[in-house]
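Here's a quick tour for anyone opening this one for the first time. Have a look at the picture, then read on.

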Amino acid sequence: MNSIIEAAAAKRAAPVLATSPMTLHTLQPHEYGRWDAFVRACPDATFFHLSGWQKVIEGSFGIKTWFYYVQQDGQILGVLPLAEIKSRLFGHSLGAMPFCVYGGPAATNDAARAMLDQAAHELAQQLGVGHLEYRGMQRFHPDDPAWHTKELYVTFRKEITGDDEANLNAIPRKQRAMVRKGIKLGLRGEVDANVDRMFEAYAHSVHRLGTPVFPKKYFAMLQDVFGDECEVRTIVTEDNRLVAAVLSFFWRDEVVPYYGGGMDIAREVAGNDFMYWNLMQASAARGCRLFDFGRSKLGTGAYDFKKNWGFTAQHLPYEYKLYGASALPDNNPLNPKYQLFIKMWKKLPLPLANFMGPYIVRNLG
């Protein structure tokens, strides 16, 4: 009997742990560590939710960002990085980090996600934007008619193993022959401590395609901010001529080749084909088991190139919520109204294109 009385008294004396309400906050620099700890642990989060993107996007382009998070009892439950693009030519929008293929609310429960949604809605209204955009591999609001999507982008993701021979044999025969050509010609990959050679190859490629170049400091900041999770791999010939280069991100067990380009010689020696194979080899040895070939637009050469590797296209159902705009955005090179611009841009001298490009590209997102 005494033990029962004592247990009841102890129960009455025990403190009641009250759960505090969820609260919304904007990220401060001293909180980067706890933000990233949540992102790395949250299944819904991606590399593009990391706090480093705030430094990169604001520092490289001067674009205003809002990094919202929801917490309860001192624990972060959800995050949502947002940025504002305001351009006379390309419109006024709020959404996932510019130049990032994935982005939107990442949360561990529905209530936190709803609070982040509401914050984005109120900010969109406050700024008077044309639309709000989320980017994900799945829709965030599949049953909400206020959110629209369209068929434009796909991603290519494929599992890889630690066995080079198995990975090579998984590549379709014609594409495998291109890889072997680069191998036979003695191409090799080198990891660079700076972005100099990568920028040269990248700028050469985008100029050939007729699209504006990113500022060199953007790539340098990516390498500086993300450290070992960002690699610059350069492909050279036996006599050290620059062939191609790619800047990649490493996230969990994935490798994401993100920015790349090749010199004119790359076509002669299968340089781009060898480059991605060389990256796949090195990434598999590093422990990566998923090769994310990245986003491409339907109907483009990049789309066809990735399909040739045996990757299956997966639709990216980006979501748009309209505010001041009456139609979904269409800021991409396939839009007929940009064709004249592209033709003119190709004719610019490369140094001039490299000088002017950063002033234009910051408005594209």
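## A pair of strands to start with

Let's begin at one spot: Cys 230 sits opposite Phe 249 of β11. The two strands here are β10 (residues 230-236) and β11 (residues 242-251), which run antiparallel and are joined by seven bridges. Strands count as paired when DSSP finds at least two bridges between them, and helices (H or I, at least four residues) and strands (E, at least two) are DSSP runs numbered from the N terminus.

## What you're looking at

This is a predicted model, where local features need pLDDT of at least 70, side-chain atom pairs count only at pLDDT 80 or more, and totals for chains, interfaces and linings use all residues. Residues are numbered from 1 along each chain as its sequence is written, and side-chain values use heavy atoms, with hydrogens and water left out.

The chain has 13 helices and 15 strands. Of its 365 residues, 52% are buried (under 20% relative accessible area, with a 1.4 Å probe and protein chains only).

## The sheet and its helix

Back to our strands: they belong to an open, mixed sheet of seven, ordered β9-β10-β11-β12-β13-β8-β14. On average, neighbouring strands are turned by 35° against each other, direction ignored.

Helix α10 (residues 271-286) packs on this sheet, touching β9, β10, β11, β12 (254-262) and β13 (290-297), and its direction makes about 35° with that of β11. Axes are lines fitted to C-alpha atoms, for helices over the stretch in contact, and angles run from 0 to 180 degrees between N-to-C directions. Contact means heavy atoms within 4.5 Å.

## The cores

Phe 249 turns up again in the largest nonpolar core, which has 85 residues; along with Trp 53, Tyr 218, Phe 219, Leu 222 and Tyr 259, Phe 249 touches the most other members. Strand β11 gives the largest share of this core, nine residues. A core is a set of buried Ala, Val, Leu, Ile, Met, Phe, Trp, Tyr and Cys residues joined through side-chain atoms within 4.5 Å.

A second, separate core has 18 residues, among them Trp 66, Tyr 68, Ala 120 and Trp 147.

The average pLDDT (the predictor's confidence in each residue, from 0 to 100) is 89 for the chain, and 85% of the residues score at least 70. Over residues 1-17, pLDDT stays under 50, and the model has zero contacts there beyond four places in sequence. Where pLDDT is low, predicted coordinates should not be read in detail.

Definitions and conventions:
Buried means under 20% relative accessible area, exposed over 50%, partly exposed in between (1.4 Å probe, protein chains only).
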